[in-house]
Amino acid sequence: MSLRLRLAVEWLLIGGIASLLVIFALNWRGIDDFDNIIYDQIASFGRPDADPDILIVAIDDRSLSEIGKWPWPRNIHAELFEKLKPANPNSVALDVIISEPSADGGDELLTDAIANMPSIFLPLHFITPGSDGRDYDTQLPIEKLRQAATATGHVNLSDRDDVIRRASLCFDPQNGSGKWPHLMELIYRTRTKGKASRAFADSKCGSEFIVPYAKRGSFATISYTDLVSTNVPPDLIRNKDVIIGATATGLGDSHPVPFADGGLMPGAEIMANMLSALKSDGFIRPLGEPITLVMSILPIWLLLFAFLRFSPKRALLSSIAFILVILVSSAVALNYGIWFPPGAALAGIFIIYPLWGWRRLQAVSDFMDRELSNIDASGDMAPLLHKEPRANDIVGRQSAALGSAIDHIRDLRRFVSDVLSDLPDPMAVVDRKGTIILSNNLVEERIGGKVDGMNITEIADIIVTPAHHAAVLDYIDAADANSADTEDENGFIRFNAQEGSTFVMRRSPVISDKERHLGDIYYLTDISALAEAETQREEVLQLLSHDMRAPQSAIIASLEGKLDTAARKRIERNARRTMRLAQDFVDMARMAETEFAGDDILLADLVRDVADNLWPLAEERQVKIHVEDRSNSGFVLAEPDALSRAISNLIDNAIKFSPEGSNIDIAIRRIEIGRQCDLTVTISDNGSGISEEILPRLFSRFSTDDNEKRRAKGAGLGLAYVETVAVRHGGSIRAENRKNGGADFILMLPEASEETAD
Amino acid sequence: MALQGSEVLGFMRVAIADDEIDVTQFLAKIVEEQGHVAATFSDGQMLTQALVRDTFDLVILDWMMPGKDGLATIKWMDETLTEAPPVIMMTNRTAKQDISDALNAGADDYITKPEDRNVIAARINAILRRTSSSGAFETKATYGKYELDRIDQTVTMDGKTVSLTAKEFELADLFFRNRDRTLSRNYIMETIWRTTVSLATRTLDMHISRVRSKLDLTPDNGFRIFTVFGYGYRLETIDKG
């Protein structure tokens, strides 16, 4: 597995694990506690003010001591209401559950007092689970009171937590059984002509809200006993929402709340806080669970993406930044009445930084280990891993080994560039686009400038003569096509440089360990001297050919009108033969060093041409030559000069060994061998045949023979020439004796198809 | 056939340049036997000097000469003379490339040394015949065994009609009219097919091959087709002397 792949897998794993962790954390009380601490810290900065229109009438310790032990007779409350009524409060809530009829007949008195009040509210309480297997018990005020009161509202506190943080404005004790608005919600509606609060209307029944607590004791409070026994100024009560509830410690209606400011908070004050929040729309809505989940997981993945790009140091900084951002966002949201618990998200972030750091280090360490031992195993360098035994830990050792590996590579690069610059020929290494990445100074010398960043084609533009320019560019262009096949030899191209020297350009591909084509190495070899030698040699051959022919031509020309016919003809024939031998010799020398360049030739016509050339000789010996084309106009790819001379040698040979008055039959045939077609030229004479001894080496070069009777006389070079030409044309020559006398010489050549001709 | 040249043409002035004295003498003799006048020069320089002040109907040039070689002389003639005489290049060079180079450089014909005297005579006459041709059109013409009827487009050989297609007849006619002259492939294609481009190269080879077989153009019948590889063809008359 490559380092990249491994890191990608580790990255995904870390992301997955952290996400799962966050999901788990969201449902874990420990994180709840943590969130609560954070909430308390944040919320303590912006606590709301107490609503001045709320008056708490406290059943405090002093009231108990002055009025008497709890429970009080019901007429006491009736008296209170008598006192309150003239002062005209907006509403009155009696947070005392009177669920059982009294024995002293005070109930009637209280009922009348309540009925007298224009706006009075009573609590009811649900106890879940209920007794005797019921889902819940309802603790209601006694029937008479309930009917006398304006309305009854629930006063259940949310007890998920030991600390009272949340409240439900609507209680649905058994899912769907009925909706009970909170007592405070009902009071709130007295000021809105019955319209429900936003918090109530916008949420499902049973949703909990976080209660923003004002500073403890900041609500206007009056002691019950003071209200009953003294004359309270009516202004204190007018248009207030009066909440009557127990505050005495012994009555048990006090609860722990956040930032309790040194004590428990009485239920009445909690309700006052709720009413205050309702009026100012100050309830805090916790984010829904799906959104919380998304908001908790999202930062983890964002941070993981950041890890991919950042160095470990910046990754740490960005982790810290993320923590701050989450806390700040949480605080800002709280300011807008929304609570996002940051605990799970923070936990995720705290986890992934060290986790990623560990896994990344492990992956890199494993990778270095493997690569270093690979280098070690490949034997290119001295052993690496064992070099620094004193380094303190494994990563330290690996780093030291890596350091020495890099040193080796530096040395190697130095070595390569030294070798390069000492090469006798210009050489350049190019990437796949042809840009030069490494070259020796001979290239710069050649172009007379810097090669940095140049393309190999630009080098060609400078060096190569216009005549060869296109061909060289074609050769360079072929680099990519050839790269697929690493076995390709890539060949070479020969060109003339602009200042007159001749070069051969070669290329070999650079293939990486992983079989990828990385670029190419171009070599330029100066072959001017060689080219010069070739030219000279060709000139020598030309001269040789001409100078050997010229005197023979002169001999033949000067024979005109001299000597008798027979002697003249003999001299002329031998002069021509000398000439032909000289030509054969020169041609063979030339063929040995030139590339085959054939033309599309109609074989039968070429044979006829040759036969017609030899007609005077045949005429002289009274031999008839018949040429028959049975190939249906077969073409061959041939060098006409060489092939003509070869066939000429064969026919000449045949004429020489034919008895006077006999025939020579020449047939051109097509032979199909699979998809390939061959053409044959069969020259059949009626001579004495070829001796069996000479037959096997008939076509070998310079085979000489003194014996007059033997067939090969005088044909030593001639037949060797034929074979050279046949092979050069991709064909063959053979000879055989026919049963009824005479010899067949069979020249075989590959047929040129119509397509290859063009 | 030997005296055909003077009978038809009257006498002509032929310049011969070669550095081999044997060759110039041999050629001069042939020219004079044809009833023409020969002037000989031993190098290109002398020839060009003579060409400035004298007029010739034909120049026979050796390729490899001291002073000025054959190709340079042709170039000089093209550039200097207002009406350059036709040139026959004569040389020991036999390579296909050399022959087509010479013909493409402007030589009217090309003779490889050593060549038979009758062949040389025929070639000289062919050139001279062309330059002084009156262009008379004969409906029937006889060339040795062959008789061409240009109205019926038939060829008879020894009195027997040879069946030819229209193109084959035109080709045969072209060759007979221009016997002993080297015709380039382009010239033949333009004359017979009126094109040089759209024709597959093998078409011409195959037509010539068919004409050659059908008319049995062999030395035995007094004619032969000579292929100048890389350049064209020539119908040669054979003197069976």
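By salt bridge I mean a side-chain nitrogen of Lys or Arg within 4 Å of a carboxyl oxygen of Asp or Glu.

Some ground rules. This is a predicted model: local features need pLDDT of at least 70, side-chain atom pairs count only at pLDDT 80 or more, and totals for chains, interfaces and linings use all residues. Residues are numbered from 1 along each chain as its sequence is written, chains are lettered from A and ligands numbered from 1 in the order in which they are written, and side-chain values use heavy atoms, with hydrogens and water left out.

How many salt bridges cross the interface of chain A and chain B? The rule finds 6.

Now the interface itself. Chain A brings 37 residues to the contact, and chain B brings 34 residues. Contact here is heavy atoms within 4.5 Å. The size of an interface is often given as the accessible area lost when the parts come together. For chain A and chain B, the buried area is about 3200 Å², and carbon and sulfur atoms give 50% of that. That area is what the two parts lose on being put together, summed over both, with a 1.4 Å probe.

One more contact joins the chains. The charged end of R202(B) sits over the ring of F635(A), 4.1 Å from its centre. The rule is NZ of Lys or CZ of Arg within 6 Å of the ring centre and within 35 degrees of the ring normal.

Side chains of opposite charge can pair when their charged atoms come close. Over all chains, the search finds 53 salt bridges. One of them joins R165(A) to D40(A), with the closest N and O atoms 2.7 Å apart. R165(A) lies in the loop between β5 (151–154) and β6 (166–168) of chain A, and D40(A) lies in helix α2 (residues 29–43) of chain A, so the pair ties together parts that are 125 residues apart in sequence. Helices (H or I, at least four residues) and strands (E, at least two) are DSSP runs, numbered from the N terminus. Are R165(A) and D40(A) buried or exposed? Both are buried. Buried means under 20% relative accessible area, exposed over 50%, and partly exposed in between, with a 1.4 Å probe and protein chains only.

Compare a local pair. E143(A) and R146(A) form a salt bridge, closest N and O atoms 3.0 Å apart. Both lie in helix α6 (residues 143–148) of chain A, 3 residues apart, about one turn of the helix. E143(A) is partly exposed at 44%. R146(A) is partly exposed too, at 27%.

On to the rings. There are 17 aromatic pairs over all chains. Rings of Phe, Tyr and Trp (its six-membered ring) pair if their centres lie within 6.5 Å; planes under 30 degrees apart count as stacked, over 60 as edge-to-face and the rest as tilted. F126(A) and F171(A) have ring centres 5.0 Å apart and planes at 20 degrees, so they are stacked. F126(A) is in strand β3 (residues 120–127) and F171(A) in strand β7 (residues 170–171) of chain A, 45 residues apart. F126(A) is buried at 3%, and F171(A) at 18%.

Y143(B), Y146(B), F176(B) and F223(B) form one aromatic cluster.

Last stop, the strands. In β3(A), 6 of the 8 residues are buried, so the strand is largely enclosed by the rest of the structure. Strand β24 (residues 663–673) of chain A runs parallel to strand β22 (residues 624–629), joined by 6 bridges. Pairing takes at least two DSSP bridges between strands. β24(A) also runs antiparallel to strand β25 (residues 676–684) of chain A, with 9 bridges. In that hairpin, 2 residues sit between the strands, and G674(A) takes a positive phi near 65 degrees.
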